[in-house]
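User: I want to know what stands behind the labels in this model. Please set each value against its cut-off.

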Amino acid sequence: MPEMKKLMVVFPHPDDESFACGGTLAKCKAEGKETCYLCITSGCKGRSGPFEIDCREKLARHREQELTKAAEVLGIKRLDLFRYADGSLQHADLAELTAKIREAIVEWKPDVVITFPPDGVTGHPDHIVTCKATTLAVEQAEAQLAADEYPDLYYVSIPHYYDHCPDSGPQPAVPITGKVDITDYRTQKGEALRAHQSQVYSVNRAYPGVIDGDFTVIGCYEYYTLVRSAGKPIEPLRAPKGIPVMEL
Ligand SMILES: [Zn+2]
């Protein structure tokens with residue numbers, strides 16, 4: 001398999017990148033790979049945490065600033081903000097969103113694309129729509145790319161979320177097929193999460209202590225499922241002897 005040089009992640013909210021694959025993004029940067037984040041909304045419906053922000057537009061700009069800071073910490077080379085309204089993706093034009101993602105894939109030519117799984121990890125409708133649009137976009141991009149440019153598509157899983165969040169989160173929708181060792185990048189993941197200060201409630205819930213600079217709760221792995229490669233869907237199988245460590 002040729003070495004991965006360019007990684008694109010597609011998520012709907014500023015902070016999804018840090019929660020889901022902050023360590024992987026920082027690791028890629030350290031290994032000389034290029035990373036890109038397509039962020040679909042600006043998170044204007046999120047909480048504003050300690051900040052008194054009563055205007056959606058102001059909150060969106062504030063969260064974009066936090067995201068820019070997190071992207072710097074993680075060494076994200078290209079940050080694209082699509083600026084859809086937060087919480088609106090169910091009602092957005094799926095074909096149009098898919099086309100935007102497809103155009104970015106065809107133009108940037110990532111070796112690997114990562115997005116949420118069909119259940120969105122948390123069940124958030126924006127997460128679910130982002131999975132749908134990104135999966136379609138990868139399939140459609142293949143028509144415009146040479147066969148050796150087809151990206152591999154992975155869904156991210158956050159078993160930590162299922163373990164730690166007390167609400168009845170869904171069980172993982174697809175079996176996890178590999179984990180990336182982020183032991184050396186836990187600090188960057190923690191600092192990126194901390195950059196999302198307005199999301200103190202979510203960060204505290206999933207990663208207690210991190211906002212205060214204690215990163216011990218951050219695990220040493222991030223988890224993925226390969227669902228498409230070389231232009232074909234892959235039926236993910238549960239690993240019989242535990243989840244293998246992998247490189248993307
Ligand atoms: Zn999200």
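Analyst: What follows takes the labels one by one.

This is a predicted model, in which local features need pLDDT of at least 70, side-chain atom pairs count only at pLDDT 80 or more, and totals for chains, interfaces and linings use all residues. Residues are numbered from 1 along each chain as its sequence is written.

User: Why is glycine 190 called buried?

Analyst: A residue is buried if 20 or more other C-beta atoms lie within 10 Å of its own, exposed if 12 or fewer, and partly exposed in between, with C-beta atoms placed from the backbone. Glycine 190 has 25 C-beta neighbours inside 10 Å, so it counts as buried. Glycine 190 is found in helix α6. Helices here are DSSP runs of H or I with at least four residues, strands are runs of E with at least two, and both are numbered from the N terminus.

User: Which residues does glycine 190 contact, leaving aside neighbours within four places in sequence?

Analyst: Val210, Phe215 and Ile218. Contact means that the two C-beta atoms, placed from the backbone, lie within 7 Å. Valine 217 is 27 residues away along the chain from glycine 190, and their C-alpha atoms are separated by 9.4 Å.

User: What makes proline 50 exposed or buried?

Analyst: Proline 50 has 8 C-beta neighbours inside 10 Å, so it counts as exposed. Proline 50 sits in the loop between β2 and α2. Beyond residues up to four places away in sequence, proline 50 touches Gln197 and Val200. Tyrosine 201 is 151 residues from proline 50 in sequence, yet 9.6 Å away, C-alpha to C-alpha.

User: Where does arginine 83 fall on that scale?

Analyst: Arginine 83 has 13 other C-beta atoms within 10 Å, so it is partly exposed. Arginine 83 lies in strand β3. Its phi is positive, about 60°, although arginine 83 is not a glycine.

User: How do you know what span to expect for α2?

Analyst: The expected span is 1.5 Å times one less than the number of residues. Helix α2 (residues 56–74) has 19 residues, and the expected value is 27 Å. From first C-alpha to last, α2 reaches 26 Å, close to that value. Just after α2, glycine 75 takes a positive phi of about 70°.

User: What covers the buried residues of α2?

Analyst: The cover includes α1 (16–30), β2 (34–41), β3 (78–84) and α6 (186–195). Among the buried residues of α2 are Leu59, Arg63, Glu66 and Leu67.

User: What makes α2 antiparallel or parallel to α6?

Analyst: Axes are lines fitted to C-alpha atoms, for helices over the stretch in contact, and angles run from 0 to 180 degrees between N-to-C directions. Angles under 35 degrees count as roughly parallel, over 145 as roughly antiparallel, 65 to 115 as roughly perpendicular and the rest as oblique. The axes of α2 and α6 cross at roughly 170° and come within 8 Å. That makes α2 roughly antiparallel to α6. The contact uses Glu66, Lys69, Ala70, Val73 and Leu74 of α2, with Gln188, Glu191, Ala192 and Ala195 of α6.

User: Why is α4 called mostly covered?

Analyst: In α4, 12 of the 17 residues are buried. Asp126, His127 and Ile128 are among them. Their cover includes β1 (6–11), α3 (94–108) and β4 (112–115).

User: How do you know that β7 pairs with other strands?

Analyst: Two strands pair if DSSP finds at least two bridges between them. Five bridges join β5 (residues 152–157) to β7 (residues 221–229). Four link β6 (residues 178–181) to β7. Two link β7 to β8 (residues 232–233). Each pairing is antiparallel.
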